[in-house]
Amino acid sequence: MSKADWFTNARFGLFIHWGLYAIPACGEWTYARNKWAPGEYENLINKFNPVEYDPAYWAKLAKAAGMKYVVFTTRHHDGFCMFDSKYTDYKITNTPYGKDVTGMLVEAFRAEGLRIGFYHSLPDWTHHGWSDQESPEYIQNKVMKDVSEEAHRGYLDLLNNHVEQLMTEYGKIDLLFLDYTSQYKADGDYYDRERLLNTIYSNQPDILVDDRLSYFKEDVRDFDYYTPEICVPNQPQQVKGKEVIWETCCTMNDHWGYCNTDFNYKPLNTLTGGLMGCVAKNGNLLLNIGPDAKGNFPEMSIRRLEELAEWSLLNGESVCGAGKSEYQPPFAGCYTQKGNNLYLYLLLQPMGDIILPELKDKIEYICILRTGQTVDLINDWGFELLKPEEQRIRPLNVKAGDVLKIVLKK
Ligand code: GLC
């Protein structure tokens with residue numbers, strides 16, 4: 001047993017990017033990338049009133065979709081706290097809405113049996129004790145903010161205090177996604193790693209902490225899990241020559257935070273295929289939604305969650321608790337494996353028969369998870385050009401996104 005077992009078993013989680021940036025509705029980097037008059041963005045605090053926020057509904061959708069945990073933006077790079085910070089007035093409880101949306105979310109998702117993860121930003125664009133090339137001043141005007149040592153210490157204290165509050169006031173927290181250390185901070189220890197980690201682990205010994213407290217370098221400490229993003233890696237992830245626990249985060253359209261002009265939603269098969277692609281390399285998928293300023297998931301995101309629910313209901317056993325397979329998948333297929341069960345995900349509706357490499361004489365039986373139909377092994381025809389270790393099978397009435405369960409002989 002390791003403290004990460006629940007995580008590697010879960011395989012699928014929900015990421016939520018939500019903050020003041022839902023109002024301008026053009027993604028969570030707007031403060032840094034677009035021109036804002038002094039104080040203009042910060043004044044959105046007087047407007048944020050997500051009266052339709054219903055985290056119980058979100059939690060039900062996520063659970064039905066087969067997700068086992070949630071990761072919520074308690075603070076993004078704009079510095080605005082989505083929890084009732086004891087250390088700044090720039091927070092959700094000072095909006096017209098006035099309620100601690102983080103606390104509400106934790107309660108709702110826990111009630112559905114999902115594990116709880118907090119995202120917390122390391123950069124704070126609005127703080128005088130933080131600077132970087134990836135800041136509003138630099139991105140827009142190539143100006144580096146002058147930060148005194150004392151101001152930076154003040155910044156680190158605030159970060160540490162916030163993390164401490166998050167680790168002590170919301171019960172058991174399963175995961176912490178600290179984001180991020182830029183390439184310009186690759187050397188040195190700008191975020192005072194050991195102090196933060198000590199605050200975290202002394203209050204939540206079983207928590208999993210991601211790797212973004214450092215910019216990827218081989219000579220830093222090990223982290224609980226590693227976070228590639230917006231891609232499905234081609235192989236199990238390795239650090240210092242050893243396989244590590246990992247999760248990739250991807251978003252349903254092309255933005256993390258709500259964007260009212262982005263309708264480029266990925267089709268269901270990209271999402272299920274991406275998920276299976278991660279599991280097939282021993283990884284997790286953290287799939288993101290950016291709720292709007294009223295507190296709603298965008299309609300298309302809800303539709304995708306509902307489609308995922310339908311898919312998961314019948315195919316979920318190929319995800320949860322599964323991992324990489326030792327066998328080579330056939331054309332346009334992807335394997336996950338759980339003990340003696342191999343799961344073949346079909347990226348495309350097949351041309352007809354499927355030729356399974358390496359599985360001759362190894363198969364007990366095969367069925368289609370969506371329909372329950374069994375699949376015939378073809379042993380008396382069409383093997384002129386097959387290798388002796390290949391097995392031809394004939395799945396009928398299958399389509400892209402289906403999963404064939406291949407039970408191997410013991
Ligand atoms: C990148 C984006 C950030 C987002 C994160 C999620 O770091 O800049 O906005 O929160 O990815 O992994």
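**View 1. Four strands form an open sheet with the order β10-β11-β16-β13 and antiparallel pairing.** Strands here are DSSP runs of E with at least two residues, and helices are runs of H or I with at least four, numbered from the N terminus. Two strands pair if DSSP finds at least two bridges between them. The edge strands are β10 (333-338) and β13 (363-368), and each pairs on one side only. On average, neighbouring strands of this sheet are turned by 20° against each other, direction ignored. The model is predicted: local features need pLDDT of at least 70, side-chain atom pairs count only at pLDDT 80 or more, and totals for chains, interfaces and linings use all residues. Residues are numbered from 1 along each chain as its sequence is written, and side-chain values use heavy atoms, with hydrogens and water left out.

**View 2. β10 meets β11, and a helix packs on the sheet.** β10 and β11 (residues 341-346) run antiparallel and are joined by six bridges. Gly 333 stands opposite Leu 346 in β11. Helix α8 (residues 268-279) packs on the sheet and touches β10, β11 and β16 (403-408). Contact means heavy atoms within 4.5 Å. The direction of α8 makes about 145° with that of β11. Axes are lines fitted to C-alpha atoms, for helices over the stretch in contact, and angles run from 0 to 180 degrees between N-to-C directions.

**View 3. β15 pairs with β12 and with β14.** Strand β12 (residues 354-356) runs antiparallel to β15 (residues 391-394), with three bridges between them. Ile 354 stands opposite Ile 393 in β15. Strand β14 (residues 376-378) also pairs with β15 in the antiparallel sense, over three bridges. Here Leu 377 has Ile 393 as its bridge partner.

**View 4. Helices α3 and α9 cross at roughly 40°.** The axes of α3 (residues 55-64) and α9 (residues 299-315) come within 7 Å. The two helices are therefore oblique to each other. Angles under 35 degrees count as roughly parallel, over 145 as roughly antiparallel, 65 to 115 as roughly perpendicular and the rest as oblique. From α3, Tyr 57, Leu 61 and Ala 64 meet Ile 302, Leu 305, Glu 306, Ala 309 and Ser 312 in α9. The residues of this contact divide into six nonpolar, one polar and one charged. Ala, Val, Leu, Ile, Met, Phe, Trp, Tyr, Cys and Pro count as nonpolar, Asp, Glu, Lys and Arg as charged, and the others, Gly among them, as polar.

**View 5. The largest pocket holds about 910 Å³ of space.** Its lining has 45 residues, and Asp 179, Tyr 180, Arg 212, Thr 227 and Glu 229 lie nearest its centre. The elements that give two or more residues to this lining are α2 (30-33), β6 (238-239) and β8 (246-251). The lining divides into 16 nonpolar, 16 polar and 13 charged residues. A pocket is an open set of points on a 1 Å grid over the protein atoms alone, with protein on both sides within 12 Å along at least five of seven lines; a cavity is a set where a 1.4 Å probe fits but cannot get out; lining residues have an atom within 4 Å of a point. Grid points are joined across faces, edges and corners, and a volume is the space filled by probe spheres set on the points.

**View 6. The peptide bond from Asp 179 to Tyr 180 is cis.** Its omega is near -5°. Tyr 180 is found in the loop between β4 (175-179) and α7 (193-203).
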